[in-house]
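Good morning, everyone. Please have the sequence and the model open while I talk.

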Amino acid sequence: MRTVSFALCADNKGKEQMKSKNTRILSVALAIALTSCGVVLGQDSVTLSVAPSALHALDTGGIAEGKKVKVEGIVISRNGDTFTIRDSNGTETVIVATDKTKVREVRKGLFRADRTSNANEIRRGLRLEAEGRGNSDGQLVAKHIRFDERDLFTAQALEARVDPVETLANSTQALAENNQQRIGQAEQNEQRISGQVEEVSGVANAATAAAANAQSTADQAESDATTANARINVLDEYQALATIAVHFKNGSARLSPQAKAEIDAVANTVSENLNGWLVAVEGYADSTGRTARNRSLSERRAKAVTDYLVTKHGLPPYRVVQPFGFGSSDPVAANNTREGRSLNRRAEITVLVNKGIASQGKAQAASQEQLPSRP
């Protein structure tokens with residue numbers, strides 16, 4: 001009897017060992033499969049030792065809590081202090097901007113430094129880069145946000161064109177839904193005659209057509225914004241449109257009435273006929289006197305022209321390239337004659353036009369008729 005009991009116990013023990021071994025094999029195989037394919041199988045009978053925040057991030061498609069991440073994409077929506085961006089792969093990330101978030105606008109161009117901005121500048125259509133750590137909701141709490149000035153211009157243009165269209169589309173959609181409800185009430189209550197129902201149906205169809213037309217307008221606005229972005233990307237490429245010379249008396253940096261009239265012609269031309277322009281001012285002197293004195297005098301002449309453009313005509317300072325004095329170098333005439341020296345005592349104003357502006361050809365033709373060319 002003891003022999004039989006012992007055999008039964010041994011048999012049961014062997015089965016339990018085999019069962020335990022099979023269980024361990026299945027557990028190892030399951031872990032390898034999950035590691036290889038990166039897929040979590042949500043079975044009630046399987047319990048994985050994973051941090052709750054990581055599981056929440058996987059469920060929501062967000063970022064694990066505490067994980068440091070840098071993302072880049074285009075803002076597709078905003079709600080208060082949070083906004084959503086979509087990268088080139090179609091992945092969407094919710095970003096939280098706090099009081100500690102540092103927002104910087106990257107500006108390109110001659111003598112233009114980056115600018116400290118704020119989260120209020122963030123809007124739909126803006127391409128940006130955000131860096132921070134994930135929170136318990138799978139969102140990215142931003143520590144740094146950077147965006148390019150040119151991308152901000154594009155987003156502002158898109159907002160100016162699309163927002164009114166979306167408002168119109170929402171209004172027409174609401175009108176269509178209201179008319180549809182009225183039609184339903186008329187059919188249910190049988191209080192409207194056939195002609196009235198057809199009239200309301202026609203209004204609903206017209207509203208639907210208006211909504212479709214609004215959507216088409218929105219698509220066109222987005223296309224226009226894309227074209228504007230392509231133009232903005234070549235803002236660093238300028239070409240000289242025209243150069244005029246303003247002359248000064250010997251040893252003087254004071255503007256004469258004739259010099260002011262010549263500057264007025266330039267200012268009126270660039271403010272009325274041109275888009276995407278800059279003005280470069282360079283001062284010169286004749287060879288009379290010492291080199292250091294001529295250099296200082298030429299700088300004062302360039303500054304006098306710049307000050308007149310800004311104070312008299314209200315030209316934005318960022319449109320005027322920092323003035324520079326070249327002294328007696330680069331003369332336009334011989335310095336051994338009185339007439340030649342008078343021509344060399346000058347400040348040259350060069351109008352530069354951006355190549356990416358579509359209206360450049362028309363502006364150039366109009367400006368060349370009004371601006372005197374360099375002697």
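Let's start with a pair. Which residue forms a salt bridge with Arg 346? The partner is Glu 348, and the closest N and O atoms are 3.0 Å apart. Remember that this is a predicted model.

Now, is Arg 346 buried or exposed? Arg 346 is buried, with a relative accessible area of 1%. Glu 348 is buried as well, at 3%. Both values fall below the 20% cut-off, and that is why I call these residues buried. Why can such side chains pair at all? Because opposite charges can pair when the charged atoms come close.

Let's stay with Glu 348 and look at the strands. Glu 348 is in β11, and Ala 245 stands opposite. Strand β11 covers residues 346–354, and β8 pairs with β11 in the antiparallel sense. How many bridges are there between β8 and β11? There are 9 bridges.

Zoom out to the sheet. The sheet is open and has 4 strands, in the order β8-β11-β9-β10. Its pairing is mixed. Which strands stand at the edges? They are β8, residues 238–247, and β10. Each has a single partner strand, so one side of each is left without a neighbour in the sheet. From one strand to the next, the twist averages 15 degrees.

A helix packs on this sheet. That helix is α6, residues 291–313. Helix α6 touches β9, β10 and β11. The direction of α6 makes about 155 degrees with that of β10.

Follow the chain on from β10. Where is Asn 335? Asn 335 is in the loop between β10 and α7. Is Asn 335 buried or exposed? Asn 335 is buried, because its relative accessible area is 18% and the cut-off is 20%. Look at what the side chain does. Leaving aside neighbours within four places in sequence, Asn 335 is in contact with Asp 286, Ser 287, Arg 341 and Asn 344.

Back to charges. How many salt bridges does the model have? The count comes to 12. Take Arg 123, which takes part in two of the contacts I want to show. With Glu 121, the closest N and O atoms are 3.3 Å apart. With Glu 159, they are 2.9 Å apart. The pair of Arg 123 and Glu 159 links distant parts of the chain, 36 residues apart. Arg 123 is in the loop between β5 and β6, while Glu 159 is in helix α3, residues 149–189. Arg 123 is buried, at 16% relative accessible area. Glu 159 is partly exposed, at 32%.

Next, another group of strands. Strand β1 covers residues 68–79, and β6 covers residues 127–134. These two pair in the antiparallel sense over 7 bridges. Which residue in β6 is the bridge partner of Glu 72? That residue is Glu 129. Strand β1 is also joined to β2, residues 82–86, by 5 bridges, and those strands run antiparallel. Here Asn 79 has Thr 82 as its bridge partner in β2. β1 and β2 form a hairpin with 2 residues between them. In the turn, Gly 80 has a positive phi of about 65 degrees.

One more residue: Thr 93. Thr 93 is in strand β3, residues 92–96. Thr 93 is buried, with a relative accessible area of 12%. Which residues touch Thr 93, beyond neighbours within four places in sequence? They are Ile 63, Val 71, Phe 83, Thr 84, Ile 85 and Leu 140.

Last, confidence. The protein averages a pLDDT of 76, and 69% of the residues score at least 70. Where does pLDDT stay under 50? One such stretch is residues 35–50, with 9 contacts beyond four places in sequence. Another is residues 53–60, where the model has 11 contacts beyond near neighbours in sequence. Where pLDDT is low, the predicted coordinates should not be read in detail.

That's my tour. Thank you.

How values were computed. Residues numbered from 1 in each chain as written. Predicted model: local features only at pLDDT ≥ 70, side-chain atom pairs only at ≥ 80, totals over all residues. Heavy atoms only, no water. Buried < 20%, exposed > 50% of the residue type's maximum accessible area, 1.4 Å probe, protein only. Contact = heavy atoms within 4.5 Å. Pairing = 2+ DSSP bridges. Salt bridge = Lys/Arg side-chain N within 4 Å of Asp/Glu carboxyl O. pLDDT = per-residue confidence, 0-100. Axes fitted to C-alpha atoms, helices over the stretch in contact; angles between N-to-C directions.
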